[in-house]
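Welcome, and thank you for taking a look at this one. Below is a short walk through some of its local features and contacts.

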There are 2 protein chains.
Amino acid sequence: MLRSFVTAVRAGSISRAATALGHTQPALSQQLRKLESVVGRPLLYRSPSGVSLTRAGEELLPYAERILSLSAQALTEAGRALTGHCGVGLLEDLAASQLPQALADLARLHPGATLEVLSLSNAAMREAYDAGRVHLVLDEVPDVPGPPRWTVRRPLVWAIGHGVDVAADPLPVVLFSNTCAWRTSVLETLERTDRPWRVAFESNSLVGVLAALRAGLGVAALMPANLEPVMACHDPDALPTLPDVELGLARHPRTEGDPLIDAVETALRRMI
Amino acid sequence: MLRSFVTAVRAGSISRAATALGHTQPALSQQLRKLESVVGRPLLYRSPSGVSLTRAGEELLPYAERILSLSAQALTEAGRALTGHCGVGLLEDLAASQLPQALADLARLHPGATLEVLSLSNAAMREAYDAGRVHLVLDEVPDVPGPPRWTVRRPLVWAIGHGVDVAADPLPVVLFSNTCAWRTSVLETLERTDRPWRVAFESNSLVGVLAALRAGLGVAALMPANLEPVMACHDPDALPTLPDVELGLARHPRTEGDPLIDAVETALRRMI
DNA sequence: GAGCAGACATAATGAATTCTTATGGCCAGA
DNA sequence: TCTGGCCATAAGAATTCATTATGTCTGCTC
């Protein structure tokens, strides 16, 4: 039931979620309706182009994801008693999401294991990976320090700073100043649509970008997980649609067969 | 499925859990068996006197409780957008359990509300309650500052300090030094069974008691939620069985009808 | 503007899962 | 030895769940 909800939101449509889950569209449609009757209010806006979250849906989503991740971990890991150490390198945008919390849950389930999450610059990340201090790296595909074992595509969305006029000309844009791989693709998107823009603020950390948004300095491209609901852009035509980003996971070859690293890897794959 | 597990553990037997959930004993028996097949290892020891936790069961239990509490809250509270303030007074043994975490989850679901959890001495608690700074108090029945709206009975269990010999004569006992209502009932139990004992350590905080146990200073009576698995007493005949404690919830009359206080109260009732 | 494609809703049938009733085994206490 | 409490198992009944088959709406194309 919660799985249906989360999948539908991620897929953007009930039909796609249904095929993703290996079911039919009416089955998902019923499940979602039932979930809404349990909650007592609608969770999704239905439109001929797909579904989008209502206010109540936005509040439920993080809890649903947390519950699913806790369940999956508790049911598959309980009593396995893994030990060892695992270093995980994350893209900063992912490190700010609820992914580290889920990793913390996993660590608590295995008191004999230590788990370390860090997000570094590309160069430092590669160095830590080569040195064997970081065993798993989840990052954008061009930047992963090794052949990706699997990849996922995630969308980017616009975040509108507090009080910012979307129609402003030129458009004030808040950017990551470090060499973020989608920095260029965002700017290319703006150029291609002949939209005048200016750099309103640059920061080399996500919290800096979020602070600039809260201060109303401009708009920025973020992953949905880092988007505060009040900053969501509700008019799809106001700004050009952004390209997806492709994330990939690299695993250090020396860790092949390590049960703890296996567990962390499948946890990451499940939660991303 | 998880609900069956948690209820069975709390009830101490599958049959009692079944009636508590309004089902029959074979139904629960099947559910638990299925859960065990999902996890891949046994969660409960079955005996003609009831059930007890295996190692894997002990690990799963806190996660199961967390998942259930998150689900219940997310499904009933999503989109209600409560505001206001609620002060909650807890018995120290409860404040150390996972109850505050669940209250924190509730608070996160209502960004417009503030929630404050504190545990004070009986006198200070009553004063805060009378002054209206604390709106809900969950404590032992003799100590609640007002007529309890509902009560629950919870067992006490023995915690064996690290390396302590249960057969020692006299038995070294670690006690709360503040006027804990079950201090006397524990000592009465020992007296009644003609078991010689001595006070090995007194502390006025739970962390002090736990530290003394870890240091191997003696045995102590705790609520099961605060019992670290390694300290569990596995031989039911080694020490006399302890009486239950009766907890009650008092609610300040001025808060009647407040939706936020309503939500917190039902959350407490559900999780205790 | 007619037709088409994609997306969601609804209704009814069929398949699974889940619960119940009925029964048996096991251990403890009288 | 008998009785009562507890758990396990088996088979039928009931409920839930998913599928197939439609219908409606919107947006897009010609």
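This is a predicted model: local features need pLDDT of at least 70, side-chain atom pairs count only at pLDDT 80 or more; totals for chains, interfaces and linings use all residues.

Pro148(B) sits in the loop that runs between strand S5 (136-140) and strand S6 (150-154) of chain B. Is Pro148(B) buried, exposed or partly exposed? Pro148(B) has 17 C-beta neighbours inside 10 Å, and therefore counts as partly exposed. Leaving aside residues up to four places away in sequence, Pro148(B) touches Val141(B), Gly248(B), Leu249(B) and Ala250(B).

Let us turn to another loop residue. In chain A, Ala81(A) belongs to the loop between helix H4 (55-77) and strand S3 (84-90). In chain B, Ala81(B) is placed in the loop between helix H4 (55-77) and strand S3 (84-90). Most residues other than glycine have a negative phi. Ala81(A), however, has a positive phi, near 55°, and for Ala81(B) phi is positive too, near 55°. Ala81(A) counts as partly exposed because 15 C-beta neighbours lie inside 10 Å. Ala81(B) likewise has 15 C-beta neighbours inside 10 Å, so Ala81(B) is partly exposed as well.

| Helix pair | Axes come within | Crossing angle |
|---|---|---|
| H4(A) and H6(A) | 10 Å | roughly 25° |
| H6(B) and H10(B) | 11 Å | roughly 145° |

Start with chain A, where the axes of H4(A) and H6(A) cross at roughly 25°. The angle is under 35 degrees, which means that H4(A) is roughly parallel to H6(A). Their crossing is right-handed. On the H4(A) side, the contact involves Ser69(A), Leu70(A), Gln73(A), Ala74(A) and Glu77(A), and these meet Ala102(A), Asp105(A), Leu106(A) and Leu109(A) of H6(A). By class, this contact holds five nonpolar, two polar and two charged residues.

In chain B, helix H6 (residues 99-109) pairs with helix H10 (residues 259-271), with axes that come within 11 Å. This crossing, too, is right-handed. H6(B) brings Leu99(B), Ala102(B), Leu103(B) and Leu106(B), while H10(B) brings Ala263(B), Val264(B), Ala267(B) and Met271(B).

Now for the meeting of the two chains. Here 18 residues of chain A are in contact with 18 residues of chain B. On the chain A side, H3 and H4 each supply at least two residues. H4(A) gives the most to that side, with 12 residues. The side of chain A that touches chain B divides into 12 nonpolar, two polar and four charged residues.

Finally, have a look around DNA strand C, which is surrounded by 18 residues. The closest are Ser13(A), Ser15(A), Pro26(A), Thr24(B) and Ala27(B). Two or more residues of this surface come from each of helix H2 (14-21), helix H3 (25-39) and strand S2 (50-53) of chain A, and from helix H3 (25-39) of chain B. H3(A) gives the most, with four residues. The surface near DNA strand C comprises seven nonpolar, nine polar and two charged residues.

Definitions and conventions
Residues are numbered from 1 along each chain as its sequence is written. Chains are lettered from A and ligands numbered from 1 in the order in which they are written. A residue is buried if 20 or more other C-beta atoms lie within 10 Å of its own, exposed if 12 or fewer, and partly exposed in between; C-beta atoms are placed from the backbone. Two residues are in contact if their C-beta atoms, placed from the backbone, lie within 7 Å. Axes are lines fitted to C-alpha atoms, for helices over the stretch in contact, and angles run from 0 to 180 degrees between N-to-C directions. Angles under 35 degrees count as roughly parallel, over 145 as roughly antiparallel, 65 to 115 as roughly perpendicular and the rest as oblique. A crossing is left-handed if the near helix is turned anticlockwise from the far one by less than a right angle, and right-handed if clockwise. Ala, Val, Leu, Ile, Met, Phe, Trp, Tyr, Cys and Pro count as nonpolar, Asp, Glu, Lys and Arg as charged, and the others, Gly among them, as polar. A residue is near a molecule or strand if its C-beta atom, placed from the backbone, lies within 6 Å of it.
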